[in-house]
Structures are given as C-alpha cells and as structure tokens.
Amino acid sequence: MDREEAERLARRFAPSVYRLAYARTGHRADAEDVMQEVFLRLMPAAPDFRDDEHAKAWLLRVAANCAGDLFRSAWRRRARPLEEAQGLTQPGQEMSGVLEAVITLPSNYRIPLHLFYYEGYFVAEIARLLGKSEDVIRTRLHRGRGMLRRGLEGDEEHV
C-alpha cells in the first residue's frame with residue numbers, strides 16, 4: 001500500500017474510526033489514541049482491499065480490537081481518570097442525554113448500537129466485524145435499546 005492510498009483511507013474513514021473508538025472508550029483522548037494506532041497499523045499490514053466498504057470494515061475491526069487492547073492493558077486497569085479523581089468535567093464536554101446514556105452502556109451493548117445506528121451496518125455485518133453470531137448481535141441490540149430506554153426515562157423523571 002502506498003502512502004497516498006493510506007492517506008486517502010485516513011481522510012475518508014477517520015471520522016468513523018474515531019466515533020467507534022469514542023463509543024468504545026468513552027473518552028476523547030483514548031479515542032484519539034485508538035484512532036492513531038489503527039492508522040499506524042494500516043501501513044505495515046498493507047491489506048489488499050476489494051473496495052472502500054472492505055477497507056472501512058477492516059479499519060473498524062482494528063479499531064474495536066485496539067480499544068479492547070487499551071482496556072486490557074495493565075496500566076489502564078490501575079489508572080483512574082483525572083476527572084474522577086478531582087470531580088471535574090472537561091470543558092466543552094457537555095453531552096446530550098442520549099449520548100451520555102449510550103456512553104454509560106457496557107461496551108458489549110454500546111459497540112453494536114454504534115455500528116448499527118451511527119455507521120449504518122446491518123446485523124450480519126456487525127456480527128462479522130465483532131466475530132459474534134447474528135443472534136448475539138440481535139440480542140445485544142435489543143437489550144441495549146432497552147437499557148437506553150430505561151436510562152432515558154429515568155432522566156425525564158428528574159427533569
């Protein structure tokens with residue numbers, strides 16, 4: 001893969017990779033780290049893509065794996081977010097109720113919901129990307145929607 005092709009793929013798919021990384025990590029800095037790692041892996045891997053959809057699927061699969069690697073790292077398990085330690089929120093990081101509810105979901109529900117609603121993937125495609133069966137993805141989508149519904153209904157009671 002030449003440099004121009006890698007740059008084209010990065011320009012085209014960086015927003016999708018970032019959104020998935022953010023949905024998985026819940027933090028802007030971690031999402032940026034994951035996105036950087038994905039595109040660093042692109043050049044040495046030099047995959048032969050059939051088309052842009054194949055490239056997008058490969059990049060999103062690598063993003064999901066990199067985000068998982070981030071959570072499994074020994075440093076990450078021991079680290080605590082600065083915001084949690086100081087009780088602060090990041091400036092300009094106010095989230096809408098829906099986004100906040102999605103971010104609080106466990107990752108096994110958050111990622112399929114993100115891929116389905118934000119990236120436009122079908123259940124079969126999500127199953128292939130995540131290495132799960134279609135039934136598992138349908139179940140996670142159903143349960144994730146229910147968790148979102150309950151979470152958002154609970155917020156309305158407090159408003």
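Which residue forms a salt bridge with aspartate 52? In this predicted model, the partner is arginine 12, and the closest N and O atoms are 2.2 Å apart. The two sit in distant parts of the chain, 40 residues apart: aspartate 52 in helix α3 (residues 52-72) and arginine 12 in helix α1 (residues 3-25).

Some terms. A salt bridge here is a side-chain nitrogen of Lys or Arg within 4 Å of a carboxyl oxygen of Asp or Glu. Helices are DSSP runs of H or I with at least four residues, numbered from the N terminus. Buried means under 20% relative accessible area, exposed over 50%, and partly exposed in between, with a 1.4 Å probe and protein chains only.

Residues are numbered from 1 along each chain as its sequence is written, and side-chain values use heavy atoms, without hydrogens and water. As the model is predicted, local features need pLDDT of at least 70 and side-chain atom pairs count only at pLDDT 80 or more, while totals for chains, interfaces and linings use all residues.

Back to the first pair. Aspartate 52 is partly exposed at 22% relative accessible area, and arginine 12 is partly exposed at 47%.

Next pair. Arginine 19 forms a salt bridge with glutamate 119, with 3.2 Å between the closest N and O atoms. Arginine 19 is in helix α1 and glutamate 119 in the loop between α7 (107-117) and α8 (123-130), so this pair ties together parts 100 residues apart in sequence. Glutamate 119 is buried, at 9%, whereas arginine 19 is partly exposed, at 34%.

Overall, the search of the whole structure finds 11 salt bridges.
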